[in-house]
Amino acid sequence: MIKKILVVDDSFVMRTLIKDIISSDPDLLVVGEAANGTDALEKVKLLAPDVMLLDIEMPGMDGIECLKRLKLISPCKVVIVSSVAQVGSPQAMEALRLGVIEVISKPSGALSLDLKSKKGSDIVKISRRAAGLAE
Amino acid sequence: MSDFIENIWSQFGMETQEHIEEIELKLVETERSGATSEHVASLFRAFHSLKGLAIAMDLNSFARLAHRAEDILGVIREGAFPLNSDVISLLLDALDEIKVLRRSVVALHSNAEADSQLMEHLAETFSSMEQTVVTREISCETDSATTQHTDPEILSYFFELSREKTAAISCALGILTSELKKATEQEVEELVARVATEIDQLAYAAEAMDFLDLVKILHQLRSALIARSTRDYELPVSLAARLLELHDQLRVIESMCGNSDAGSNTVHTFLGDTVPLNHQAAPAAAADGSTHNAIRIKGESLDNFMNQIGELTLVRSRLNHIIHDDRLHMLITCLKHLKNSNSQDASELLCLAEEHRRELVETDHLLHNSLGRLQEGAVRLRVVPVDMVFKRLPRVVHDLSRSMGKEIRLEVNGQDVKIDKAMVEILMDPLLHMVRNSVDHGIEMPAARTAAGKHTEAVIRVSAIQFGNRIVIEVSDDGAGIDMEKVMLKAVEHGLVMGSRAKPLSKKELLHIIFQPGFSTATGVTETSGRGVGLDVVMNNVTRMGGTLSVDSEHGCGTTFTLHMPLSVAIQDVLLVEASGQTLALPERNVSEVLDVAAEDLLSVRGERGTLLRGAFLSLHRLSDLLGYPASVTTQNSGGSAVVVTNGTDIIGLEVDRVVRREELFVKIVHESVVTLPGVGGASILGNGRVVLILDGEDLLRIARA
């Protein structure tokens with residue numbers, strides 16, 4: 001069954017890049033996007049996604065706050081996609097403690113045109129794992 | 001390059017621009033009124049986003065630069081270091097470099113190198129800051145382990161959810177009991193399923209919060225609901241009542257607990273939970289979802305759309321032209337003649353022709369109306385608050401006043417007034433010029449201000465007001481004002497005014513001189529203004545866009561520049577007139593009325609031609625004379641039509657050969673050489689494809705007075 005993905009990032013560019021990367025996997029479908037935590041929680045109620053790709057630094061409600069609230073409304077799995085959250089940073093630790101599947105960095109190198117094969121594969125791979133699909 | 005990548009680049013351009021503008025504004029605000037934690041947080045976030053975007057696009061030095069700034073702000077965000085004016089200056093420098101990089105990156109779509117000295121400076125600043133922080137960080141680490149249910153914000157989010165759910169549950173159960181008799185099996189089924197879902201969702205949240213008693217009640221409620229063997233909902237309803245009661249108690253506790261530990265403890269005891277509490281007060285959550293509903297449209301697509309409407313307007317005026325064409329008129333006249341000679345066919349033809357004409361006129365009206373609405377809609381699509389222009393000002397004033405050693409406070413009003421997006425660029429130049437002019441020429445040095453008994457801090461006020469379809473922007477300062485004597489001397493010196501002129505110039509006329517090419521009273525050439533390219537260029541550009549610029553000044557008290565501009569530049573209402581066989585367009589905003597002047601109404605008072613308009617003398621001028629055209633034979637002293645032109649203070653009558661009709665013209669931006677022609681403000685194309693000059697009422701008044 002196709003798994004539903006929600007992309008949460010305040011940057012339109014980032015959301016576009018992430019959606020493009022996800023679209024390379026036929027088992028995954030981006031069903032919605034949100035620009036901050038508040039927006040994301042509303043979208044979760046509406047769309048019931050299987051996996052949320054969540055940024056940490058956002059205006060309004062940030063990723064960590066969103067994560068804490070998400071636990072009250074949905075069993076949706078979360079993958080943190082952020083450039084603050086290098087593994088070992090306080091935010092990354094906090095996110096992992098709150099039960100996210102994995103903390104990965106944002107896509108890079110749109111210029112090289114092979115996003116999907118390079119860094120992108122990381123996002124697809126972890127999303128598949130979060131959705132309970134074979135990697 | 002693929003469309004996808006192309007699109008990403010253009011979005012990259014937009015987003016980075018937004019972040020840059022926000023950073024600039026916040027830095028300047030911080031400099032003026034001190035740093036708040038919100039400002040620091042949003043500055044951090046903006047640099048952080050710039051970094052992320054740069055990484056995504058493989059722009060190494062752009063990313064490094066933003067990263068450095070982000071690091072510095074990170075330390076400041078932790079509260080370990082103040083955001084002082086040195087750091088602000090450094091960050092502004094970094095921002096300027098980012099702007100430079102951004103420009104080249106957006107143009108070339110590839111990495112550009114950042115200034116290495118600046119990078120070093122940023123790195124040094126960061127490392128010196130960081131040393132003071134290390135010790136703090138270690139001491140913080142231990143208490144970061146707060147648990148889910150102790151966070152007061154999460155608690156209140158839970159209350160919010162539970163309020164929503166309990167209300168839904170009791171409402172659905174209420175319906176279930178009252179409608180039980182009437183409802184079909186399927187409807188009952190659906191309602192039960194809905195209640196069950198709500199219960200599940202609330203139970204899910206309660207479980208996540210470890211509120212085990214609540215979970216127990218909810219499970220009881222759910223199984224009672226599902227296990228019903230008959231249509232008996234007594235039990236679920238009584239359970240729902242208990243739930244509601246529980247929720248009311250929760251609400252009381254919620255209001256009690258606020259942020260205090262005691263309150264939260266009560267909640268947990270009440271709900272049978274014994275986990276100890278040790279939360280800290282969490283920062284207020286700013287729900288900032290204002291942007292996520294917006295759709296981004298490329299400026300280009302919008303411009304295309306507007307151009308299409310412009311074209312449509314041209315097509316419509318062509319239709320209007322055809323309807324009022326002489327040929328149709330002649331046809332009808334001919335048919336009338338024929339009809340008089342008692343021809344049955346002719347009278348039928350006449351009926352047809354007249355009906356046809358009427359239909360055409362109606363269609364034209366309909367088209368005109370819907371075109372108007374379309375235009376309005378389109379204009380609204382591309383309106384932005386004038387703040388888009390104003391937000392550039394704080395930085396300019398900040399930099400200028402710093403470099404000149406003046407103390408200036410900028411006050412901005414009316415930034416919500418909406419303008420056409422295309423006006424942003426058009427307004428920017430004159431506005432910046434006026435503000436620079438104020439800082440440079442208007443405002444005195446602090447010492448001079450003290451000597452004049454003024455506060456050392458000068459004020460520049462920028463305000464916008466909307467009048468109908470025009471925007472009025474005022475820039476006023478409380479500086480030295482314009483020295484009329486100096487203006488006069490300078491004007492004579494530059495040969496702009498004859499020294500031996502009989503009557504002295506009025507204040508208004510003198511003030512007008514400062515808009516003359518090559519005029520400047522500033523003694524030195526400064527970085528900002530006084531290079532001779534001055535107000536005359538601004539004036540020209542403003543006029544070209546259908547605006548006006550005026551100035552008022554009180555020596556010693558200050559100067560006020562007033563800029564009138566249309567909210568949208570694209571379409572203008574004009575009155576078409578004929579003079580010397582040429583069709584010319586007068587902007588309707590300058591026209592107050594049209595008079596028929598009979599030969600016997602003409603007066604001559606002290607050699608000035610004129611007539612009486614409601615008892616007052618109205619001076620008359622031939623339009624062809626004002627424009628320097630050869631005089632047409634027909635109007636020689638025989639009266640005719642006069643268009644009354646005014647700018648609110650002055651009023652004259654323009655004699656024309658014929659008043660043609662009203663028109664809406666799609667104004668084309670024309671070459672400067674056309675605009676500098678006396679009396680001419682622009683050009684457009686008529687329905688019949690002919691070019692028409694759009695006159696400038698202000699300029700005509702000026703020529704008439706001279």
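Contact here means heavy atoms within 4.5 Å. In this predicted model, 69% of the contacts in chain B between residues at least 6 apart in sequence join residues at least 24 apart. Chain B comprises 23 helices and 18 strands, and 44% of its 706 residues count as buried.

The largest nonpolar core holds 53 residues, of which A:Met52, A:Leu54, A:Leu72, A:Ile80 and B:Phe158 touch the most other members. With residues up to four places away in sequence not counted, A:Met52 touches A:Leu6, A:Val8, A:Ala40, A:Val44, A:Cys66, A:Leu70, A:Cys76, A:Lys77, A:Val78 and A:Val79. Another core, of 51 residues, lies apart from the largest one and has B:Val384, B:Val386, B:Phe390 and B:Leu427 among its members.

On the chain A side the contact is made by A:Val13, A:Met14 and A:Leu17, and on the chain B side by B:Gly52, B:Leu53 and B:Ala56. By class, 5 nonpolar residues and 1 polar residue take part, with no charged residues.

A:Arg69 is located in helix 3 of chain A (residues 63–73). Because its relative accessibility is 5%, A:Arg69 counts as buried, the cut-off being under 20%. The side chain of A:Arg69 is joined to that of A:Glu65 by a polar contact of 3.0 Å. Beyond its neighbours within four places in sequence, A:Arg69 is in contact with A:Leu41 and A:Met61 in chain A, and with B:Glu153, B:Ile154 and B:Tyr157 in chain B. A:Thr38, 31 residues away from A:Arg69 in sequence, is 9.5 Å away in space, C-alpha to C-alpha.

B:Asp364 belongs to helix 13 of chain B (residues 344–381). B:Asp364 likewise counts as buried because its relative accessibility is 5%. Neighbours within four places in sequence aside, the contacts of B:Asp364 are with B:Arg316, B:Leu319, B:Asn320 and B:Ile323.

Helix 23 of chain B spans residues 697–705, and its buried residues include B:Gly697, B:Asp699, B:Leu700, B:Leu701, B:Ile703 and B:Ala704. The N-terminal end of helix 23 of chain B is capped by B:Asp696, with a side-chain oxygen 3.1 Å from the backbone nitrogen of B:Glu698.

Note on methods: Residues numbered from 1 in each chain as written. Chains lettered and ligands numbered in written order. Predicted model: local features only at pLDDT ≥ 70, side-chain atom pairs only at ≥ 80, totals over all residues. Heavy atoms only, no water. Buried < 20%, exposed > 50% of the residue type's maximum accessible area, 1.4 Å probe, protein only. Helix = DSSP H or I, 4+ residues; strand = E, 2+ residues; numbered from the N terminus. Polar contact = N/O pair within 3.5 Å; in protein donor to acceptor, adjacent residues only side chain to side chain. Nonpolar A, V, L, I, M, F, W, Y, C, P; charged D, E, K, R; others polar. Core = buried A, V, L, I, M, F, W, Y, C linked by side-chain atoms within 4.5 Å.
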